[in-house]
Amino acid sequence: MSEELNFAKELLDFIYESPSSFHAVDSVKKILDSHGFTELEEEIRWELKKGGRYYVIKNHSALTAFVAGDSKVEEEGFRIIGAHTDSPTFRIKPAAEMIAENHYVKLNTETYGGPILSTWMDRPLSVAGRVAIKGDDVFSPIIKLINIRKPIMIIPNLAIHMNRDMNLGVELNKQKDMLPLMALINEKMEKGNYLLNTIAKEAGVDPSDIIDFDLFLYEFEKGTIMGLNDEFISSPRLDDLAMVHAGITAIAKCSESKSTNIMVCFDNEEVGSTTKQGADSQLLSNILERIVLSTGGDREDFFRAISRSFMISADLAHAVHPNVGEKHDPQNRPLINKGPVIKVSANMRYTTDSNSSSIYAQICSNANVPYQWFVNRSDERGGSTIGPISSSHLDIKCVDMGTPVLAMHSARELGGVSDHTYVTKSFEEFYK
């Protein structure tokens with residue numbers, strides 16, 4: 001199990017260095033650069049070569065990597081894996097600092113996505129994201145990534161002595177109960193600029209040069225391998241950085257093939273994907289068409305390529321909960337470390353059909369990887385993911401899948417060491 005453990009530790013390192021979607025893309029970029037990929041700029045004409053390894057970044061928070069096939073793309077199509085870089089968290093609002101009791105400094109935040117709120121309480125938290133700084137061109141502000149690499153805030157619980165019914169269930173108010181405590185008022189600190197001064201110091205600029213920011217809270221403690229036999233991965237942001245890491249590892253390793261292999265890392269899946277860098281945009285479609293045009297094809301060839309393509313929508317799946325097993329389908333019961341999970345929905349919350357599922361199932365079999373199935377209980381409405389959203393823009397055969405985890409959207413999720421190796425092997429087989 002040593003190779004699996006080492007690979008799981010690589011995932012933990014990757015997640016720790018990726019506290020925001022911006023940092024996740026930066027982490028991916030570093031992996032791709034080390035494997036001979038070339039960055040492309042959207043505004044510059046692309047001149048692609050067969051077998052070339054490329055990537056393009058959107059909004060600093062989404063990235064698409066691809067290896068151009070050695071055959072005509074309209075004859076072999078695209079082999080696509082999609083995942084997302086964002087996770088549920090809290091975004092810091094403008095003019096965020098709030099004073100309580102003329103003593104405490106707390107931050108005004110807005111919930112991003114659907115976190116399990118209670119799991120964010122009483123944890124050391126820090127801040128990471130993107131800062132926009134004044135530049136010479138008003139249409140091109142200087143962008144810097146910020147990661148305050150120490151715990152600087154916490155969301156404190158109310159003592160049980162002041163709410164004796166707490167263990168019967170408490171509804172947390174996002175505007176009142178979830179505001180993090182950052183500091184105590186200090187005469188040495190400039191009133192009203194506690195956070196701004198900290199950000200400016202981290203960025204190495206004057207506070208007056210900071211125009212705006214996209215900053216998010218993250219749990220400071222690094223993920224860990226745990227369990228009696230080191231079988232579990234406990235970490236923040238497994239959803240969906242585990243799939244990003246697996247897909248990028250697979251495409252970085254892949255050699256030339258007839259088809260053009262693509263790994264797309266969207267942003268904003270947790271809030272509906274309706275952004276220029278999300279799956280509900282023309283981002284992927286535009287890149288695929290540009291690949292065809294840049295390799296000598298035309299729009300007719302683009303449509304031909306699409307008809308021969310296949311996509312794996314990779315987003316984590318729900319493992320059967322050992323304490324609440326009745327919440328799951330009585331027959332299809334995915335378990336941790338039993339392999340990737342094919343997700344099915346009669347109401348097409350997932351894109352999987354018998355055609356696409358049989359393709360991925362055979363890929364797993366060829367890679368000697370076990371696989372499982374997930375469907376919701378018929379009286380439960382499940383979530384959705386980037387597969388159905390992408391299919392509304394590109395009519396490509398697609399399967400929705402992911403590795404099984406417990407406590408999805410918790411501040412710390414629980415996955416399996418073996419599963420991360422399993423899913424990566426299936427992705428490597430897919431790209432062959």
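**A guided reading of the model**

His409 counts as buried, at 19% relative accessibility, where buried stands for under 20% relative accessible area, exposed for over 50% and partly exposed for what lies in between, with a 1.4 Å probe and protein chains only. This is a predicted model, in which local features need pLDDT of at least 70 and side-chain atom pairs count only at pLDDT 80 or more, while totals for chains, interfaces and linings use all residues. Residues are numbered from 1 along each chain as its sequence is written, and side-chain values use heavy atoms, with hydrogens and water left out.

His409 is found in the loop between strand 19 and strand 20; here helices (H or I, at least four residues) and strands (E, at least two) are DSSP runs, numbered from the N terminus. Although His409 is not a glycine, it has a positive phi of about 75 degrees. Arg237, in the loop between strand 12 (232–235) and helix 5, is not a glycine either and has a positive phi of about 60 degrees. Arg237 is buried, with a relative accessible area of 12%. A further backbone feature is the cis peptide bond that joins Asp239 and Asp240, with omega about 15 degrees, and Asp240 lies in helix 5.

Helix 8 can be followed in more detail. Helix 8 covers residues 354–366, and its 13 residues reach 18 Å from the first C-alpha to the last, close to the 18 Å expected at 1.5 Å a residue, the expected span being 1.5 Å times one less than the number of residues. Which residues of helix 8 are buried? They are Ser356, Ser357, Tyr360, Ala361, Ile363 and Cys364. These residues cover an arc of only 155 degrees around the axis, which puts them on the same side of helix 8; the arc is that of the directions from the helix axis to the C-beta atoms. An α-helix has 3.6 residues a turn, so residues three or four places apart point the same way. On the other side of helix 8, Ser354, Gln362 and Asn366 are exposed.

The buried residues of helix 8 pack against strand 14 (310–314), strand 16 (341–343), strand 17 (372–374), strand 18 (397–402) and helix 10 (417–431), where contact means heavy atoms within 4.5 Å. The N-terminal end of helix 8 is capped by Asp353, which has a side-chain oxygen 3.1 Å from the backbone nitrogen of Asn355. Just after helix 8, Asn368 takes a positive phi of about 60 degrees.

The loop that leads from strand 16 to helix 8 holds Thr351 and also Val344. Thr351 is buried, with a relative accessible area of 11%, whereas Val344 is partly exposed, with a relative accessible area of 27%. Not counting residues up to four places away in sequence, Thr351 touches Ser356, Gly387, Pro388, Ser391, Cys398, Val399 and Asp400. For Val344, leaving aside neighbours within four places in sequence, the contacts are Tyr350, Thr352, Trp373, Phe374 and Val375.

The buried residues of helix 2 are Ser21, Phe22, His23, Ala24, Val25, Ser27, Val28 and Leu32. Glu47 has its place in the loop between strand 1 (38–40) and strand 2 (53–58). Glu47 is exposed, with a relative accessible area of 67%. The C-alpha atoms of Glu47 and Val170 are separated by 58 Å, and these residues are 123 residues apart along the chain.

A search of the whole structure finds 5 cavities of 30 Å³ or more; on a 1 Å grid over the protein atoms alone, a cavity is a set of points where a 1.4 Å probe fits but cannot get out, and lining residues have an atom within 4 Å of a point. About 80 Å³ of space lies in the largest cavity, a volume being the space filled by probe spheres set on the points, with grid points joined across faces, edges and corners. The largest cavity is lined by Leu11, Ile233, Leu238, Ala242, Leu316, Thr403, Pro404, Val405, Gly415, Gly416, Asp419 and His420. The elements that give two or more residues to this lining are helix 5 (238–253), strand 19 (404–405), strand 20 (413–416) and helix 10.

Methods
A polar contact is a pair of N or O atoms within 3.5 Å; within protein, one must be able to donate a hydrogen and the other to accept it, and residues adjacent in sequence count only if both atoms are side-chain atoms. On a 1 Å grid over the protein atoms alone, a cavity is a set of points where a 1.4 Å probe fits but cannot get out, and a pocket is an open set with protein on both sides within 12 Å along at least five of seven lines; lining residues have an atom within 4 Å of a point.
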